[in-house]
Amino acid sequence: MRYYYIIILILVNLPLYSQVGVGTEDPQATLDLNGNMKIRTVDEASTINDSLKFLVRDISSTGDYEVKEVSGNNLFNSAPIFSAQNDGNWNLLSATLLSSWRAIDLTSADTRIGDSSLLNNGVYTAPQSGIYRINFEVQMESGISLSAFGGKSLALIKNGTSIWERKYFDAVRASISGLGITTIPITSTNLDTLIELNKNDTVTFAMSSGLLNLSVLGDAKVSLQVYKIGQLEGD
């Protein structure tokens with residue numbers, strides 16, 4: 001009998017380095033579960049904060065289905081949102097882009113929502129890869145004659161090399177009884193679009209220069225909003 005006690009004591013004192021597999025004969029982790037799992041009763045959290053962790057499964061080739069944790073704040077606050085605005089105290093930078101475009105001179109000081117370091121001299125830098133929605137608007141304090149903006153437009157320039165989207169300034173032409181065709185002055189122009197951006201890609205908010213009368217911008221309000229709405233395919 002004493003021999004059995006000796007064997008048991010030896011086994012108890014041996015360190016355990018084994019891996020346990022459920023549904024697999026070749027476990028690759030301390031616990032390797034190949035199958036479904038049920039948890040019937042859990043306590044409910046009343047708020048989301050960084051102390052709460054969510055479990056996710058990494059199905060990438062390197063992740064090998066390993067379970068990892070993501071903090072609550074990162075999960076629900078991961079999509080960047082940015083907004084900037086300047087009312088009557090802005091202009092266009094002197095440098096010309098792509099032959100006929102000039103960036104608006106909004107900077108980090110004009111930031112209303114989001115990380116102010118993402119905007120510099122009218123250039124927004126994407127903090128994450130993804131699909132973004134961008135809104136770019138110039139609003140006049142009072143109507144401006146079409147002659148001041150005729151043929152001019154707003155533009156988004158991606159990475160300083162190509163025009164992603166543009167929107168012409170245009171006044172409304174209407175037939176008014178007794179006056180024939182007349183032009184209603186421009187009050188605002190808005191550019192709204194979706195764009196794919198990789199991390200550190202840039203978007204320049206610009207206006208066509210040409211013969212634009214910059215004095216009319218003194219009473220104008222410029223605003224922009226950028227927010228991520230989705231992931232790039234494959235991410």
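Predicted model: local features only at pLDDT ≥ 70, side-chain atom pairs only at ≥ 80, totals over all residues.
Numbering starts at 1 along each chain as its sequence is written.

**View 1**
At least two patch residues come from each of strands E1 (20-22) and E2 (31-33); strands here are DSSP runs of E, at least two residues, numbered from the N terminus. Met37 sits in the loop between E2 and strand E3 (53-58), and at 64% relative accessibility Met37 is exposed (exposed is over 50%, buried under 20%, partly exposed in between).

**View 1. Arg133 and Asp192 form a salt bridge.**
The structure has one such bridge, with N to O at 3.0 Å; the cut-off is a Lys or Arg side-chain nitrogen within 4 Å of an Asp or Glu carboxyl oxygen. Arg133 is in strand E10 (residues 130-144) and Asp192 in strand E15 (residues 186-197), so the pair ties together parts 59 residues apart in sequence. Arg133 is partly exposed at 34%, and Asp192 is partly exposed at 35%.

**View 2. Leu98 and Ser99 have positive phi.**
Most residues other than glycine have a negative phi. Leu98 has a phi of about 50°, and Ser99 is near 80°. Leu98 lies in the loop between strands E5 (81-87) and E6 (101-103), and Ser99 is in the loop between E5 and E6 too. Leu98 is partly exposed at 36%, whereas Ser99 is exposed at 74%.

**View 3. The largest pocket holds about 730 Å³ of space.**
Of its 18 lining residues, Leu31, Asp32, Leu33, Tyr65 and Val67 are the closest to the centre. On a 1 Å grid over the protein atoms alone, a pocket is an open set of points where a 1.4 Å probe fits, with protein on both sides within 12 Å along at least five of seven lines; lining residues have an atom within 4 Å of a point. E2, E3 and strand E4 (66-71) each supply at least two lining residues.

Notes:
Heavy atoms only, no water. Helix = DSSP H or I, 4+ residues; strand = E, 2+ residues; numbered from the N terminus. Buried < 20%, exposed > 50% of the residue type's maximum accessible area, 1.4 Å probe, protein only. Points joined across faces, edges and corners; volume = space filled by probe spheres on them.
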